[in-house]
Amino acid sequence: MTAGGKRLLPSPPAEGVTRKAIAGGRISEAEALALFESGDLIQAGRAAAALRQRRAPAGRVTFVIDRNINYTNYCITGCDFCAFHRRLGSPEGFLLSRREIFDKIEETIALGGTGIMMQGGLHPDLDIEYFCDLFHAIKQNYDIYIHSLSPPEIYHIAKVSRIPVEEALLHLKQAGLDSLPGGGAEILVDAVRRRVSPRKIGSSVWLEVMRAAHLAGLKGTATMMFGGVETYADRIEHLRRIRELQDETGGFTAFIPWTFQDARTRLRGQASSSGIDYLMTVAVSRIYLDNIANVQASWVTQGLKVAQISLAFGANDLGSTMIEENVVAAAGVSYHAGKEELVHAIKAAGLQPVQRDNAYNFVDFY
Ligand code: SF4
């Protein structure tokens with residue numbers, strides 16, 4: 001078995017690492033690297049599945065009905081891997097009106113949705129007042145969970161508004177923000193970030209914003225975009241920094257690894273992740289991140305079949321039904337799955353589908 005095309009045969013260290021993890025030990029970075037380099041997908045998958053079962057007993061696999069609302073694609077950052085953004089003034093750019101946002105929320109609620117995830121480009125004119133007014137109005141009109149604004153957006157809003165990040169977070173929380181998506185993490189290694197998103201916030205700033213959010217009482221998810229220009233060691237450094245912050249704050253609800261999609265981006269031709277590499281990364285994430293309850297499969301980038309298989313490699317959550325998804329679609333990848341398809345995929349894997357909300361409370365069993 002190979003992972004990342006590295007080796008053909010399993011190497012013995014993988015066994016020792018997985019045995020340690022199953023016995024409740026915390027694996028080191030060197031052990032996580034050994035697991036990756038062993039290429040022993042079955043060994044890693046078995047251990048990850050056992051750990052998943054402990055974290056999510058009774059074979060429960062969760063999913064959420066919510067909607068991405070990309071409020072603008074205007075962005076001053078222009079990351080090389082991003083096919084979604086447009087320069088200010090571009091005829092293909094948009095900024096949704098409040099009415100358009102409300103219409104999308106109403107459609108979400110009509111479809112049984114419990115939350116929205118608002119994310120957008122870094123627009124130079126949208127400040128703290130804009131977002132506080134918007135969130136306040138949303139909460140006044142709808143019973144909906146607001147899981148919105150990733151760390152680069154929070155940092156940008158604070159900067160545009162000339163206030164500290166901590167103050168921005170408090171205002172946003174008071175206005176109705178419930179939690180933060182972990183977008184913009186990519187790989188939390190600056191040498192990698194300099195290649196894929198040189199104008200975006202650095203790794204320490206991403207972690208500082210998340211730390212401040214957690215301390216302000218806002219939980220968040222952590223993501224990792226891999227399969228581009230990074231090494232296994234870079235992925236492990238990313239995991240190390242997430243695990244360390246989680247030890248400190250306990251503020252991460254889930255870890256979401258997903259693969260870089262290069263079509264229609266300036267990094268075309270550099271996406272390198274295979275299905276096997278994806279499954280191995282899910283498994284290593286589950287094994288290494290012993291302090292994060294949920295590992296989410298990315299059917300949006302992998303398709304539902306690989307996402308379903310990842311449930312046997314440590315994932316316990318299928319994420320959102322994605323009533324709307326624009327960012328990955330802009331990069332040329334377009335998978336669709338409604339509630340029925342997610343429920344079917346989970347049941348067909350012999351597991352129990354459970355609808356959750358964005359705070360990971362159970363909403364319904366199927
Ligand atoms: S990834 Fe986000 S910050 Fe980077 S160009 Fe796209 S919208 Fe802008």
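## Contacts of Ala-312

Two residues are taken to be in contact if their C-beta atoms, placed from the backbone, lie within 7 Å. On that basis, in this predicted model, Ala-312 is in contact with Gly-45 and Ala-49 once its neighbours within four places in sequence are left aside. Ala-312 itself belongs to the loop between α13 (304-310) and β9 (317-320).

Ala-312 has 18 other C-beta atoms within 10 Å. A residue counts as buried at 20 or more such atoms and as exposed at 12 or fewer, so Ala-312 is classed as partly exposed. Relative to Lys-104, Ala-312 is 208 residues away in sequence and 34 Å away in space, C-alpha to C-alpha.

## Helix α3 and its packing on α11

Helix α3 spans residues 41-55 and helix α11 spans residues 275-288. The two pack at an angle of about 45°, and their axes are 8 Å apart; α3 and α11 are therefore oblique to each other. The crossing in which α3 passes α11 is left-handed.

On the α3 side, the contact is made by Leu-41, Ala-44, Gly-45, Ala-47, Ala-48, Leu-51 and Arg-52. On the α11 side, Ile-276, Leu-279, Met-280, Ala-283, Val-284, Arg-286 and Ile-287 take part. By class, this contact comprises 11 nonpolar, 1 polar and 2 charged residues. Gly-45, one of the α3 residues in this contact, is also in contact with Ala-312.

Gln-43 is likewise found in helix α3. With 20 other C-beta atoms within 10 Å, Gln-43 is buried. Gln-43 and Phe-135 are separated by 92 residues in sequence and by 46 Å in space, C-alpha to C-alpha.

## Packing of α6 on α7

Helix α6 (residues 151-161) and helix α7 (residues 165-175) pack at an angle of about 105°, with a distance of 9 Å between their axes.

From α6, the contact involves Ile-154, Tyr-155, Ile-157, Ala-158 and Ser-161, and from α7, Val-165, Ala-168 and Leu-169. The residues of this contact divide into 7 nonpolar and 1 polar, with no charged residues.

## Surroundings of the ligand

The ligand is surrounded by Cys-75, Thr-77, Gly-78, Cys-79, Cys-82, Phe-84, His-85, Gly-121, Leu-122, Pro-152, Ser-197 and Lys-200. By class, the shell holds 6 nonpolar, 5 polar and 1 charged residues. Pro-152, one of the residues around the ligand, falls within the 151-161 range of helix α6.

Technical notes: Residues numbered from 1 in each chain as written. Predicted model: local features only at pLDDT ≥ 70, side-chain atom pairs only at ≥ 80, totals over all residues. Near = placed C-beta within 6 Å. Nonpolar A, V, L, I, M, F, W, Y, C, P; charged D, E, K, R; others polar. Axes fitted to C-alpha atoms, helices over the stretch in contact; angles between N-to-C directions. Helix = DSSP H or I, 4+ residues; strand = E, 2+ residues; numbered from the N terminus. Parallel < 35°, antiparallel > 145°, perpendicular 65-115°, else oblique. Left-handed = near helix turned anticlockwise from the far one by under 90°.
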